[in-house]
Amino acid sequence: MEDSILFLGFGIDAWITIVTVLGMFSVMLFTKLRSDLVFLSAIGVLYVTGVLDAKEAFSGFSSTSVITVGVLFVVVAGLTHTGVLQWIVKHLLGTPDSYSKAVTRLMLPVAVLSSFLSNTTVVTLFVNIVKMWSKKLGVSPSKLLIPLSYASGMGGVCTLIGTPPNLIISGLYEEKTGEAMNVLTTTIPGLFCLAVGILSVIAMRRLLPDRKASESAFESTGEYTVELQVPSDNPYIGQTIAEAGLFHVKGGSLIELYHFDNVPLPVTEDEPIMGGDHLVYAGQIDEILEMAKSHQLVSADHPVFSMNEIDKSRKLRTAYITFGSRLIGKTIGSSTFEKDNNLVLAAVARRGERIKESPRQVVLQAGDTLLLVCPKNTNVNTSSLKDDIHFFDSDVVTNIGSGTLVSTTIMIAMVALSALGIMPLLQCAFLAAAAMLICRCCNVDQAMRAVNWEILMVFAGSAVLGLAIQKTGIAERLALGILDVCGTNPLVVMTAICFVGTFITEFISNTAAGAMFFPIMYEAAEKLGYEPFPFLVALMVSVSSSFATPIGSPTHMLVYGPGGYRFSDFMRIGLLMNLIILAANIFIVNIVYPLTPLQ
């Protein structure tokens, strides 16, 4: 495509790339489209318009770093299914006697695990553990769940395999220079920022909210609602609410009643009971369910004519509404969600506060906690649900045994071989994955289910976007623009780009941010006459330092509902954390990797 026509210093190809990138990020921010579909569409636009040829447009799918991530999913599956995480949780948390010690005991093992495992996997396991642990310590879960999420992010920075941006940036660096980064390149800067982060959380603990977790409403009287139905053969039909013992019940109270016409009635003791009546109670879940059993009431998911029709093989599970869920702004009663997923909604809570209406008529919000009646012998946490709700618990219970030691040994060997330069990381990952399968740390089905194809697609697409930004001259022009504003002081330029990177990653994927800023940082370093290596290490830390919004990281969204947080809770402490970690990052990187002029 002809690039002779310039506008603001950019050619046609560059403007196509800019519009594509901005459009892609806008779509991801303001719509619920799958991120892998958005990235693939962006690649298609760049290829069809001629900005990239076929080899360049699909080079991301053969990238060493993308393949490495895919193989590492299998390694992580082996660690997960042999109970490594559970062993660490069991032996390292303990019973600290102060908040400072509790934060340290929590954040250190989480960070270590996140250096080698998916941080979302680690946080998913720890959420329930921390909730129970906080009760034992007498601390609000909201005081510990944000530090949990922060630790997973800062821990991921400590190795190249800990977080996708590290792999994408190191992979692009290797393609550019022919030199591979050591798997422990970011370990010292990452550990220093982690230590600063832990001390900062302890010092700023007053900025952490003291909120009641949403699901605690299912454990406290009067802070959740349950809708029950009277079957047509119920022995209490014809009696009044008071006569049947359904007005004042142990552990709760009747807050709403309506007959066949679905018109709520004033709750009075002398209201007669009819077949098909709906009764809405607020109170303690176990007490009300016991009352429902003794009075032969059933869940109000559909008309029931006999207690014999009720499926006995069901269990209660709690879940929360995720950001971007299709259920936001809707009611369960107006959707086919229950029928489609073989679930029944029993109760709804919102930041620990009682919702005084029928659960199935509650207009749902992100972070709402749901109490669901699920099939006992079926895992309902399937891919069809993951975009709408996230379960607090897991049906997968791993046993700690000899496999735990074997998988741990395989992981340590993989890291050691790569760190010592004995063989490249990709080869180490392949050997480790094969060892996990051969030693039966996981089976083939578990390994294949562990591979997150959506992440791989985003990863590959991010690499292609970085290539387009560099090829079309956008990186060079932006680098020159930054130098015009910031001058020729390398520390100022490094800080400026890292600051923008930290801000951008609050709203977009950190993988995409890393790929987008790699060519800009690389070009800026070369224009200044310095080796790009230290600049890129600082960039790795900065694009993974998103603390100020719950949408800045998937792990923030994992703790948002369980902690009963509000959007502003993250900003109160997160904005300061962003600046503190940025300063720590620039300081330590320039000590460990001093700036070196180009030869």
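**Exercise 1.** Where is the place of Arg440? Find it in this predicted model, then work out how open the residue is and what its backbone looks like.

*Solution.* 
Step 1: Look at the stretch between helix H14 (425-438) and helix H15 (444-450); Arg440 is in that loop.
Step 2: Check the accessibility. Arg440 has a relative accessible area of 74%. The cut-off for exposed is over 50%, so Arg440 is exposed.
Step 3: Now the backbone. Arg440 isn't a glycine, yet it has a positive phi of about 60 degrees.

**Exercise 2.** Gln296 has a positive phi too. Find out where Gln296 sits and sort it by its accessible area.

*Solution.* 
Step 1: The phi of Gln296 is about 60 degrees, although Gln296 is not a glycine.
Step 2: Gln296 turns up in the loop that joins helix H11 (285-294) to strand E6 (298-299).
Step 3: Its relative accessible area is 31%. Buried needs under 20% and exposed needs over 50%, so Gln296 lands in between and counts as partly exposed.

**Exercise 3.** How do helices H8 and H10 pack, and which residues make the contact?

*Solution.* 
Step 1: Begin with the two values that describe a packed pair, the angle between the axes and the distance between them. For H8 (residues 142-156) and H10 (residues 187-203), the angle is about 165 degrees and the axes are 10 Å apart.
Step 2: Over 145 degrees counts as roughly antiparallel, so that is the word for H8 and H10.
Step 3: H8 passes H10 in a right-handed crossing.
Step 4: From H8 come Pro147, Tyr150 and Met154, while H10 brings Gly190, Cys193, Leu194, Gly197 and Val201.
Step 5: Sort these contact residues and you get six nonpolar, two polar and no charged.

**Exercise 4.** Now do H17 and H19: at what angle do their axes cross, and which residues meet?

*Solution.* 
Step 1: The axes of H17 (residues 474-486) and H19 (residues 510-528) come within 8 Å and cross at roughly 55 degrees.
Step 2: H17 and H19 are therefore oblique to each other, and the crossing is right-handed.
Step 3: On the H17 side you find Ala475, Glu476, Leu478, Ala479, Leu480, Ile482 and Leu483; they meet Pro519, Ile520, Glu523, Ala524, Lys527 and Leu528 of H19.
Step 4: The tally for this contact is ten nonpolar, no polar and three charged.

**Exercise 5.** Is Gly501 buried or exposed, and which residues does Gly501 touch?

*Solution.* 
Step 1: Gly501 is in helix H18 (residues 490-504).
Step 2: With 0% relative accessibility, Gly501 counts as buried.
Step 3: Skip residues up to four places away in sequence, and Gly501 touches Phe517, Ser542 and Val543.
Step 4: Compare sequence and space for Ser542: Gly501 and Ser542 are 41 residues apart in sequence, but 6.2 Å apart from C-alpha to C-alpha.

Conventions
Residues numbered from 1 in each chain as written. Predicted model: local features only at pLDDT ≥ 70, side-chain atom pairs only at ≥ 80, totals over all residues. Heavy atoms only, no water. Axes fitted to C-alpha atoms, helices over the stretch in contact; angles between N-to-C directions. Helix = DSSP H or I, 4+ residues; strand = E, 2+ residues; numbered from the N terminus. Parallel < 35°, antiparallel > 145°, perpendicular 65-115°, else oblique. Left-handed = near helix turned anticlockwise from the far one by under 90°. Contact = heavy atoms within 4.5 Å. Nonpolar A, V, L, I, M, F, W, Y, C, P; charged D, E, K, R; others polar. Buried < 20%, exposed > 50% of the residue type's maximum accessible area, 1.4 Å probe, protein only.
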